[in-house]
Amino acid sequence: MIELVTGGARSGKSRFAQAEAARLGGRIGYIATAQAFDEEMRARIQKHRQDRPATWRTFEGHRDLAEFLYRNPEIDTWLLDCVTLWITGLMFDHGGEWIQPSSEMVEQAEQLVAAQVQELLQAAEKREKHLILVTNEVGMGLVPESAFGRIFRDIAGRANQRIAARADAVYFMVSGIPLQIKGAQR
């Protein structure tokens, strides 16, 4: 089963997803995709670590996430937090000039992200694992000022659509309240 939890910044996405993983029980694997580029992000990552139960197995990274599922068959439920940071990492790893990127570079980044999303979803389905993905809803704000911001919004938005299309349940978080917008009501 695949669940997607989306919403704006500080809407309660991570808290809800963690509660959902705990509700499902079993052995839980947490895929943390954030990278600590500065002190603020290091503090955020530390807070997230403290918020998770010590019994959860944590994997930190943003490359080849499907491999985490294949290499750890003992995990019953996976929680990936978050898709948008995963995509950011993939785009930066892709390299190149993001101030004025070529259309070829943008297309390559889009294909890379789409392939990684596809591989992760297939791995969850093949291994019959429960996968909960947390993502930011990137399309409800202002149009980003920078080229990278607009490209990121577009790539992340399409990735979110791909995940939502395959998900069994989708939740939209508003002020800490989950609104189930896809799937059978619990």
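This is a predicted model: local features need pLDDT of at least 70, side-chain atom pairs count only at pLDDT 80 or more; totals for chains, interfaces and linings use all residues.
Residues are numbered from 1 along each chain as its sequence is written, and side-chain values use heavy atoms, with hydrogens and water left out. Helices (H or I, at least four residues) and strands (E, at least two) are DSSP runs, numbered from the N terminus.

**Stop 1: helix 4 and its two partners**

Stay with helix 4 and helix 5, whose crossing is right-handed. A crossing is right-handed if the near helix is turned clockwise from the far one by less than a right angle, and left-handed if anticlockwise. Show the side chains of W86, I87, L90 and H94 in helix 4; they make the contact with M105, Q108, A109, L112, V113, Q116, V117 and L120 of helix 5. Contact means heavy atoms within 4.5 Å. The residues of this contact divide into nine nonpolar, three polar and no charged. In this division Ala, Val, Leu, Ile, Met, Phe, Trp, Tyr, Cys and Pro count as nonpolar, Asp, Glu, Lys and Arg as charged, and the others, Gly among them, as polar.

On the helix 4 side, select V83, T84, I87, T88, M91 and F92; they meet F148, I151, F152, I155, A156, A159, N160 and I163 in helix 6. By class, the contact of helix 4 with helix 6 has 11 nonpolar, three polar and no charged residues.

**Stop 2: aromatic rings**

Select F92, W98, F148 and F152, which form one aromatic cluster. Rings of Phe, Tyr and Trp (its six-membered ring) pair if their centres lie within 6.5 Å; planes under 30 degrees apart count as stacked, over 60 as edge-to-face and the rest as tilted. By this rule the count comes to seven aromatic pairs.

One of them is F16 with Y171, a tilted pair with 4.9 Å centre to centre and 55 degrees between the planes. F16 is in helix 1 and Y171 in strand 6 (residues 169-174), so the pair ties together parts 155 residues apart in sequence. F16 counts as buried at 12% relative accessibility, and Y171 counts as buried at 5%. Buried means under 20% relative accessible area, exposed over 50%, and partly exposed in between (1.4 Å probe, protein chains only).

Move on to F59 and W78, another tilted pair, 5.2 Å centre to centre with 45 degrees between the planes. F59 is in strand 3 (residues 57-60) and W78 in strand 4 (residues 77-81), 19 residues apart. Both F59 and W78 are buried.

**Stop 3: two buried residues**

Select H130 in strand 5 (residues 130-136). At 11% relative accessibility, H130 counts as buried. Beyond its neighbours within four places in sequence, H130 is in contact with M1, E3, L24, D76, T77 and W78.

Then select A17 in helix 1 (residues 13-24). A17 has 0% relative accessibility and counts as buried. With neighbours within four places in sequence left aside, V5, L79, I132 and V134 are in contact with A17. Between A17 and V5, which are 12 residues apart in sequence, the C-alpha to C-alpha distance is 6.8 Å.

**Stop 4: backbone details in loops**

C82 is in the loop between strand 4 and helix 4.

R10 is in the loop between strand 1 (2-7) and helix 1. Its phi is near 60 degrees, a positive value in a residue other than glycine. R10 is exposed, with a relative accessible area of 66%.

Finish at E128, in the loop between helix 5 (103-126) and strand 5. E128 is not a glycine, yet has a positive phi of about 55 degrees. At 71% relative accessibility, E128 counts as exposed.
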